[in-house]
Amino acid sequence: MTHHVVLVTGATGFIARHVVHQLLDTGHEVVGSVRSLSSGPDLREALGRALADPAALERPRLVELATAGNEGGGAAGDSAGVGSAGGV
């Protein structure tokens with residue numbers, strides 16, 4: 001199976017958290033956008049209890065929405081995006 005880098009928006013949300021979990025369990029790399037990096041520990045704690053491979057917890061990379069896109073990189077190659085934002 002080919003593994004991809006997947007962008008998940010709203011990674012700390014209810015649905016996105018489950019999407020991130022499934023992606024990590026199947027070996028994909030995850031970049032998750034969040035409103036604040038301070039929510040990262042909560043996401044990692046929730047995922048850590050459910051992941052088949054605890055080492056997978058090191059793979060997700062979280063980026064704040066305010067800084068996303070200012071890193072000079074873009075999606076290329078084997079990459080994909082998943083949006084799961086609800087009403088604001």
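Q: Before anything else, what does contact mean here?
A: Contact means that heavy atoms lie within 4.5 Å, and the model in which such contacts are counted is a predicted one.

Q: How do helix α1 and helix α2 pack, and at what angle?
A: Helix α1, residues 14-25, and helix α2, residues 40-48, pack at an angle of about 55°, with their axes 11 Å apart. The two helices are therefore oblique to each other, and α1 passes α2 in a right-handed crossing.

Q: Which residues meet there?
A: From α1 come Arg17, Val20, His21 and Leu24, and these meet Leu43, Ala46 and Leu47 of α2. The residues of this contact divide into 5 nonpolar, 1 polar and 1 charged.

Q: Changing topic, how many residues are in the largest nonpolar core, and which have the most contacts inside it?
A: The largest nonpolar core has 15 residues, and those with the most contacts inside it are Val8, Ala11, Val20, Leu24, Val30, Leu47 and Leu51. At least two residues of this core are supplied by each of β1 (5-8), α1, β2 (29-34) and α2, and α1 gives the most, with 4 residues.

Q: And what share of the whole protein counts as buried?
A: Of the 88 residues of the protein, 28% count as buried.

Q: Where is Ser33, and is Ser33 buried or exposed?
A: Ser33 sits in strand β2, and Ser33 is buried because its relative accessible area is 4%, which falls under the 20% cut-off. Not counting residues up to four places away in sequence, Ser33 touches Leu7, Val8, Thr9, Gly10, Ala11, Val63 and Leu65.

Q: What about His18, where is that one found?
A: His18 is found in helix α1, and His18 is partly exposed, with a relative accessible area of 46%. His18 and Ala50 are 32 residues apart in sequence, and their C-alpha atoms are 9.8 Å apart in space.

Key:
Residues are numbered from 1 along each chain as its sequence is written. This is a predicted model: local features need pLDDT of at least 70, side-chain atom pairs count only at pLDDT 80 or more; totals for chains, interfaces and linings use all residues. Side-chain values use heavy atoms; hydrogens and water are left out. Axes are lines fitted to C-alpha atoms, for helices over the stretch in contact, and angles run from 0 to 180 degrees between N-to-C directions. Angles under 35 degrees count as roughly parallel, over 145 as roughly antiparallel, 65 to 115 as roughly perpendicular and the rest as oblique. A crossing is left-handed if the near helix is turned anticlockwise from the far one by less than a right angle, and right-handed if clockwise. Ala, Val, Leu, Ile, Met, Phe, Trp, Tyr, Cys and Pro count as nonpolar, Asp, Glu, Lys and Arg as charged, and the others, Gly among them, as polar. Buried means under 20% relative accessible area, exposed over 50%, partly exposed in between (1.4 Å probe, protein chains only). A nonpolar core is a set of buried Ala, Val, Leu, Ile, Met, Phe, Trp, Tyr and Cys residues joined through side-chain atoms within 4.5 Å.
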